Amino acid sequence: MIRPVCAVLLLFAATGVNAQTEALALAAEATGGQSYSLSIQILVLMTLLTLLPAVVLSMSAFVRIIIVLSILRQALGTAQTPPNQVLLGIALFLTFFVMAPVISEIHTTAAKPYIDGELSADQALANGIKPLRAFMLDQTRESDLYLFASIAGHTDLASVDEAPMSIVIPSFMVSELKTAFQIGFLVFIPFLVVDLVVSSVLMSMGMMMLSPMIISLPFKIMLFVMVDGWALLLGTLASSFYL
């Protein structure tokens with residue numbers, strides 16, 4: 001369904017271009033550079049939109065948040081509650097909340113000047129990458145960064161600021177995975193203690209055939225609700241990116 005819609009949008013964009021200008025053309029600027037026609041710009045934009053899910057997954061706070069929420073559901077032992085759609089919704093909007101300063105800076109320094117015609121596409125792209133790159137480097141461990149730099153053969157890096165995006169992105173993802181599992185471990189411990197206590201009580205009472213999960217589940221839910229677990233967890237997750 002997405003492909004026909006994109007095709008229709010491109011068709012209207014192509015027919016809306018001035019008849020004296022070819023659909024796929026380069027226009028020479030007074031400064032000696034070149035500007036792309038509207039059709040090419042729309043085509044590039046549609047292509048970039050297909051990469052948006054990959055960008056959200058690999059260059060934002062989404063990975064850490066969704067992994068911690070999945071570990072929480074596993075620790076509670078509630079199977080598919082909350083369902084995947086709910087966890088994805090929470091993770092997505094919390095990601096927007098965490099990335100709001102970065103998005104705002106990208107809009108101010110890159111998107112708005114480009115729309116107003118003050119910057120070229122290349123300059124806007126360079127300005128837009130800077131705040132995103134700074135965010136990723138703040139969350140990336142130097143050990144992970146230098147690991148991928150050595151794999152790529154960039155052993156002459158004087159500082160992390162010289163690392164290209166091809167190294168920063170995988171380093172950021174590995175660091176996020178490690179941080180997410182560290183937070184998930186701390187989340188898992190209280191619920192594990194409840195499981196151990198319930199299992200020990202059942203064993204001492206001789207109830208071998210009764211599953212401890214059935215008894216411990218309401219206690220874990222009650223514990224999580226009593227400490228206002230959702231607000232505590234989501235607030236901690238959001239603040240962990242700006243410590």
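V168 counts as buried because its relative accessibility is 0%, where buried means under 20% relative accessible area, exposed over 50% and partly exposed in between (1.4 Å probe, protein chains only). V168 lies in helix α8; helices (H or I, at least four residues) and strands (E, at least two) are DSSP runs, numbered from the N terminus. The model is a predicted one, in which local features need pLDDT of at least 70 and side-chain atom pairs count only at pLDDT 80 or more, while totals for chains, interfaces and linings use all residues. Residues are numbered from 1 along each chain as its sequence is written, and side-chain values use heavy atoms, with hydrogens and water left out.

**Overall layout**

- The protein has 10 helices and 2 strands.
- Read from the N terminus, the order of elements is α-β-β-α-α-α-α-α-α-α-α-α.
- The protein has 243 residues, and 32% of them count as buried.
- Contact means heavy atoms within 4.5 Å. Among contacts with a separation of 6 or more, 64% are between residues 24 or more positions apart.

**Around V168 and M136**

- V168 is in contact with R133, M136, L137, L145 and A163, leaving aside neighbours within four places in sequence.
- V168 and M59 are 109 residues apart in sequence, yet their C-alpha atoms are 9.4 Å apart in space.
- M136 is in contact with S58, M59, M165, V168, I169 and F172, again leaving aside neighbours within four places in sequence.

**The largest nonpolar core**

- A nonpolar core is a set of buried Ala, Val, Leu, Ile, Met, Phe, Trp, Tyr and Cys residues joined through side-chain atoms within 4.5 Å.
- The largest such core has 39 residues, of which I65, L72, F135, M136, F191, L233 and L237 touch the most other members.
- Two or more residues of this core come from each of α4, α5, α6, α7 (142-152), α8 and α10.
- The element that gives the most to this core is α4, with 11 residues.
- In soluble globular proteins, nonpolar side chains tend to be buried together.

**Aromatic rings**

- The structure holds 5 aromatic pairs. Rings of Phe, Tyr and Trp (its six-membered ring) pair if their centres lie within 6.5 Å; planes under 30 degrees apart count as stacked, over 60 as edge-to-face and the rest as tilted.
- The pair F135 and F241 is stacked, because the ring centres are 6.1 Å apart and the planes are at 25 degrees.
- This pair links distant parts of the chain: F135 is in helix α6 (residues 121-139) and F241 in the segment after α10, 106 residues apart.
- F135 and F241 are both buried.
- F135, F172 and F241 form one aromatic cluster.
- R64 lies over the face of F241, at 3.9 Å from the ring centre. A charge sits over a ring if NZ of Lys or CZ of Arg is within 6 Å of the ring centre and within 35 degrees of the ring normal.

**Helix α9 and what follows**

- Helix α9 has 15 residues, which at 1.5 Å a residue should span 21 Å, and its end C-alpha atoms are 21 Å apart, which agrees. The expected span of a helix is 1.5 Å times one less than its number of residues.
- The buried residues of α9 are S216, K220 and F224.
- These buried residues pack against α4, α8 (165-204) and α10.
- I215 is also in helix α9, and I215 counts as partly exposed at 28% relative accessibility.
- I215 and V194 are 21 residues apart in sequence and 10.0 Å apart in space, C-alpha to C-alpha.
- D228 is in the loop between α9 (212-226) and α10 (229-239).
- D228 has a positive phi of about 55 degrees, although it is not a glycine.
- With a relative accessible area of 47%, D228 is partly exposed.

**The loop between α4 and α5**

- T78 is in the loop between α4 (62-76) and α5 (84-115).
- T78 is buried, with a relative accessible area of 15%.
- T78 touches R73, L217 and I221, not counting residues up to four places away in sequence.
- A polar atom of the T78 side chain lies 2.3 Å from the backbone oxygen of T81.
- T81 is joined to P82 by a cis peptide bond, with omega about -5 degrees.
- P82 is in the loop between α4 and α5.

Definitions and conventions. Polar contact = N/O pair within 3.5 Å; in protein donor to acceptor, adjacent residues only side chain to side chain.
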